[in-house]
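Here is a short report on one protein chain and its ligand. Have the sequence and the model open as you read.

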Amino acid sequence: MLLFEAGVSSSSSGLENQIFQYIDLHQNEFIQTLKEWVAVESDSIQPGLRQEVTRMVELTADRLRALGATVELVKLGSHKLSDGQSLLLPPLILAELGKDPQKPTVCFYGHVDVQPAKKEDGWKTDPYTLTEIDGNLYGRGATDNKGPVLAWINAAESFRALKLDIPVNLKFIIEGMEEAGSLGLEEIIKKENQRFFSDVDFFVISDNLWLSNRKPALTYGSRGNICFSVEVRCGERDLHSGSFGGIIHEPMTDLIALLDSLVDTSGRILIPGVYDDVASLTEEEKKLYEAIEFDIEEYKNNSGVKKFLYDTKEEILMHLWRYPSLSIHGIEGAFHEPGIKTVIPAKVIGKFSIRQVPHMDISIGEHQVIKYLEDVFSKRNSPNKLKVSVPTSAMPWVANINDPLYTAARKAIKTVFGQDPEMIRDGATIPIAQMFQNITRKSVMMLPVGAADDAEHSQKEKISRHNYIQGTKLFATLFLEIAKLPGKLQEKSNTTTTN
Ligand SMILES: Cn1cncc1C[C@H](NC(=O)CCN)C(=O)O
Ligand SMILES: [Zn+2]
Ligand SMILES: [Zn+2]
């Protein structure tokens, strides 16, 4: 047996070392599979690429079948685009590997769709060709979320290849519409709560990043989000600014004024009532932020900006995790190409979103925003038509960090990375976290494997070889640690005998 080789942590067991060595030895194969996955342009945002998303979902299903899993492809129907056209949604994967009533059941969530990426956006490498430079694997989806999904599959695969018993039952829910707002997902979770999810004990999501470039993290909360579309239109067609400029109320001018009324220069949201329901800060919670290791300069460097709105670690973390924020994302219909076009666009749609935090309410938030925009608009005496809509929204999520699932993950992190994780929240939104918790009432955890400088959604998205391979080990170790948790076995066999 190849036990206790150099480089293997002394705190890990013989079994763990055997698995770690297998993973180290096969790392290039794991990277090759990631390369094949990244090569699929599974962009869920551009309608023209929807077939590639479906192809990616099918590729994932094949991989799971190769692992020995039973795979269901659940049809999600179609959705309406802003131009009224209807477009088919990719199917959702529900898969399971192992069904031993004596073992706990862990359900893994991930997504295989990606953000749009074009070489012209400023990528140094082709976004759909996974390219290794200095230990980093660059490519769209490398860290968000194909790498982590594969790390989980690789972990299970390593047990299988070594003919080792996986000590937990595994379930998978893999979607292809996360980047477009997880369309159709909530309905399925509700529908499957009494069936597919009924025997799940733990939910693990790996779809966010560490807070630092080097220190592992465990995530117990994420912000919600309400996405708004604000349409202003003057008529059916675009106009020449030479023929009409100066004599009409221009939609773009109205829209810019509306967007400019949302937030002030210090980042404070100007919509009345928005902060009313934000959870008040306790002394206990304040201490959590003080204890976190957070390198402001590193985080600033990762972003490429020179100055943040806040100077202290505590203020920055609180404004990312426990206070709402408002971001303006873009304007549909506005002239945006290089060069000059002396047009007055007839219809423009502004896009912005509000990241919500406990205990804000989505429908209250929607009403506050709509009322405010209508008020601001009415003061302009514009004859144009204003239409505000909410294409998607998701609730914030916070978990109990004393849950046994977190204990298991802390141990696994310590074994694989040799240090305790930073306990963090995430400023982004993982809609499914709150859905799992609220609908199934089971334990939910986010366990990131990507580092803070992975640049998800950006032109230099990557995952490091180290994080991808250690992430694979982390998930394998998590299976072992979850199986060691007390109580569950007892509880499970009770329910199986009474049924
Ligand atoms: C599409 N969408 C609209 N509202 C929220 C989202 C999800 C999106 N999720 C992430 O980025 C996960 C990061 N690991 C986001 O938070 O923007
Ligand atoms: Zn993601
Ligand atoms: Zn994403």
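## A residue with positive phi

Asn 381 is found in the loop between α11 and β16. Helices (H or I, at least four residues) and strands (E, at least two) are DSSP runs, numbered from the N terminus. Phi of Asn 381 is near 50 degrees, a positive value in a residue that is not glycine. Is Asn 381 buried or exposed? Asn 381 is exposed, because 7 other C-beta atoms lie within 10 Å. The cut-offs are these: a residue is buried if 20 or more other C-beta atoms lie within 10 Å of its own, exposed if 12 or fewer, and partly exposed in between, with C-beta atoms placed from the backbone.

His 457 also has a positive phi, near 70 degrees. His 457 lies in the loop between β19 (443-446) and β20 (462-464). With 13 C-beta neighbours inside 10 Å, His 457 counts as partly exposed. Most residues other than glycine have a negative phi, and most peptide bonds are trans.

Residues are numbered from 1 along each chain as its sequence is written, and chains are lettered from A and ligands numbered from 1 in the order in which they are written.

The chain averages a pLDDT of 94, and 95% of the residues score at least 70. Over residues 1-8 the pLDDT is below 50, and this stretch has seven contacts beyond near neighbours in sequence. Here pLDDT is the predictor's confidence in each residue, from 0 to 100. Two residues are in contact if their C-beta atoms, placed from the backbone, lie within 7 Å. Residues 492-499 also stay under 50, with six contacts beyond four places in sequence. Where pLDDT is low, the predicted coordinates should not be read in detail. The model scores ipTM 0.96 and pTM 0.90.

## Two domains

The domain assignment gives domain 1 (14-222 + 396-498) and domain 2 (225-279 + 322-394). Such bounds come from an automatic or database domain assignment. The C-alpha centres of domain 1 and domain 2 lie 35 Å apart. Seven residues of domain 1 are in contact with eight residues of domain 2. On the domain 1 side, three of the touching residues are nonpolar, four are polar and none is charged. Ala, Val, Leu, Ile, Met, Phe, Trp, Tyr, Cys and Pro count as nonpolar, Asp, Glu, Lys and Arg as charged, and the others, Gly among them, as polar.

## Around ligand 1

Which residues are closest to ligand 1? They are Gly 181, Asn 208, Asn 225, Ala 428 and Thr 429, out of 13 that surround ligand 1. A residue counts as near if its C-beta atom, placed from the backbone, lies within 6 Å. By class, this shell has four nonpolar, five polar and four charged residues. Domain 1 and domain 2 each give at least three residues to the shell. Strands β11 (224-233) and β16 (385-394) each supply at least two.

## Active site annotation

UniProt, in an unreviewed entry, marks Asp 113 and Glu 178 as "active site". They span 66 residues in sequence, yet no two of their C-alpha atoms are more than 6.7 Å apart, so they gather at one spot. UniProt positions are given in the numbering used here, feature names are shortened, and annotations may be inferred rather than shown by experiment.

Asp 113 lies in the loop between β5 and β6 (131-133). Asp 113 is buried, with 29 C-beta neighbours inside 10 Å. Glu 178 sits in the loop between β8 (169-175) and α5 (185-192). Glu 178 is buried too, with 24 other C-beta atoms within 10 Å. Beyond four places in sequence, Glu 178 is in contact with His 111 and Asp 113.

## Binding site annotation

The unreviewed UniProt entry places "binding site" at His 111, Asp 144 and Asp 207. Why do they count as gathered at one spot? They span 97 residues in sequence, yet no two of their C-alpha atoms are more than 8.1 Å apart.

His 111 lies in strand β5 (residues 105-111). His 111 is buried, with 31 other C-beta atoms within 10 Å. Asp 144 is in helix α4 (residues 142-161). A cis peptide bond, with omega about 5 degrees, joins Asp 144 and Asn 145.

Terms used:
This is a predicted model: local features need pLDDT of at least 70, side-chain atom pairs count only at pLDDT 80 or more; totals for chains, interfaces and linings use all residues.
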